[in-house]
Amino acid sequence: MELNFTHHQSAHCENGVASNLLKNSGLNISEPMVFGIGSGLFFVYLPFIKVNYAPAISYRTLPGQIFNKVATRLNLKIKRQKFSSVANANKALDENLKNNIPTGLQVGVYNLSYFPDEYRFHFNAHNLVVYGKTETEYLVSDPVMETVTTLTYEDMNKVRFAKGAFAPRGQMYYPIQIPANIDLKSAIIKGIKNTCRDMLAPMPIVGVRGIKMVSRQIRKWPKKHGVRKANHYLAQMVRMQEEIGTGGGGFRFIYAAFLQEASVILNNEELKDLSKEMTKIGDSWRDFAVEASRIYKNRSAKEDAYNTIADELLDIANREEIFFKKLKKAIS
């Protein structure tokens, strides 16, 4: 059983699944547009929560929020279901496939057998689409992969019922209603306002203030925790930024592409200029990640290396603060 579904590769899983499911339902919307309308760009530092034995840092909103906000702002309806039993989860998925409904799933990464080993760790907020099945496998469109792939029934059960933080509990979701006419302009403006509000939030652990706080913490890590632990914290930060969901530079590049598209739809030249500025900020996030990786791999020849990258991060935070103030003004 194979449904008529077109796979498009994307930079980030949740945007990609949302965009692919909507395209399949007749609404041609790009990954950057999903990300921008869904206000996916975010930053929060949670030192009181540990992930892989390091302070939690998230560069994105909670799993599912992007698609939910897109649905609200474009007046779409999405059905989401979670399950207490594997049997019920399988039955519901198989029923959808029988009814010709490609279905989005939230899954754990660890048992995704088609992922390279170095990318398989305990992270439960990955997204993919199931668009068919054979006698032994499900047909999978994972938007971060170049082509479609498969998962055995056994592996599918493992990823759908992975344990730990953000346990997916078999979650599946799919659009059930798309209006004939959608108001993209209004949705874009709401998405931008939401992101500006988040990134300029007056809370010390959120948005640009959160980035500044991490910069201050990085300076203290070697003395406070010793070099080995400080290096581990830094490695985990880069992993969250560049590998788990393209959060740092990657998200800035997606957001820049969104502003480029939005500038045409809203007929707003200022957004085009801001798009270029955001691309440059994305480059700086990538440079920060490269410098940080040199430190934790013990390849940095710089004296006072931790203070140097803390300065880099502070500069990024200051530039993002100016950027989001300009963006807020540009659409007001």
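Let's start inside a helix: threonine 195 sits in helix H6, which covers residues 184–199. This is a predicted model, and in it threonine 195 has a relative accessible area of 0%, so it counts as buried. Setting aside residues up to four places away in sequence, threonine 195 touches Ser39, Leu41, Tyr255 and Phe324.

Lysine 193 is also in helix H6. Is this lysine buried, exposed or partly exposed? Its relative accessibility is 43%, so lysine 193 counts as partly exposed. Along the chain, lysine 193 and methionine 33 are 160 residues apart, and their C-alpha atoms are separated by 14 Å.

## The six-stranded sheet

Now for the strands. Six of them make an open sheet, and reading across it gives the order E3-E8-E4-E5-E6-E7, with antiparallel pairing. Which strands sit at the edges? They are E3 (77–81) and E7 (149–152), each of which pairs on one side only. Going from one strand to the next, the twist averages 40°.

As a bit of background, strands of a sheet pair through backbone hydrogen bonds, and they can do so in a parallel or antiparallel way. Take E4 (residues 103–107) and E8 (residues 172–177) here: they run antiparallel and are joined by two bridges. If you look for leucine 105, you'll find that its bridge partner in E8 is methionine 172.

Helix H1 (residues 13–24) lies across E4, E5 (126–133), E6 (137–141) and E8. Relative to E5, H1 runs at about 35°.

## Glutamate 137 in strand E6

Glutamate 137 belongs to strand E6.

What does glutamate 137 contact, once neighbours within four places in sequence are left aside? The list is Thr150, Leu151, Thr152 and Tyr153. With threonine 150 there is a polar contact between the two side chains, at 3.3 Å. Glycine 207 is another story: glutamate 137 and glycine 207 are 70 residues apart along the chain, with 42 Å separating their C-alpha atoms.

## What the UniProt record marks

An unreviewed UniProt entry places a feature at residues 12–143, given as "domain: Butirosin biosynthesis protein H N-terminal". In the model, the end C-alpha atoms of residues 12–143 lie 7 Å apart. That span is 32% helix and 31% strand.

Glutamine 241 is buried, because its relative accessible area is 0%. Its side chain makes a polar contact of 3.4 Å with the side chain of tyrosine 59.

Two packed helices are described by the angle between their axes and the distance between those axes. For H9 (residues 249–265) and H10 (residues 269–296), the angle is about 175° and the axes are 8 Å apart. How are H9 and H10 arranged, roughly parallel or roughly antiparallel? Angles over 145 degrees count as roughly antiparallel, so that is the label for H9 and H10.

On the H9 side they include Phe253, Tyr255, Leu259 and Gln260. On the H10 side, Leu274, Met278, Ile281 and Trp285 are among them.

Definitions and conventions: Residues are numbered from 1 along each chain as its sequence is written. This is a predicted model: local features need pLDDT of at least 70, side-chain atom pairs count only at pLDDT 80 or more; totals for chains, interfaces and linings use all residues. Side-chain values use heavy atoms; hydrogens and water are left out. Two strands pair if DSSP finds at least two bridges between them. Helices (H or I, at least four residues) and strands (E, at least two) are DSSP runs, numbered from the N terminus. Axes are lines fitted to C-alpha atoms, for helices over the stretch in contact, and angles run from 0 to 180 degrees between N-to-C directions. Contact means heavy atoms within 4.5 Å. Buried means under 20% relative accessible area, exposed over 50%, partly exposed in between (1.4 Å probe, protein chains only). A polar contact is a pair of N or O atoms within 3.5 Å; within protein, one must be able to donate a hydrogen and the other to accept it, and residues adjacent in sequence count only if both atoms are side-chain atoms. UniProt positions are given in the numbering used here, feature names are shortened, and annotations may be inferred rather than shown by experiment. Angles under 35 degrees count as roughly parallel, over 145 as roughly antiparallel, 65 to 115 as roughly perpendicular and the rest as oblique.
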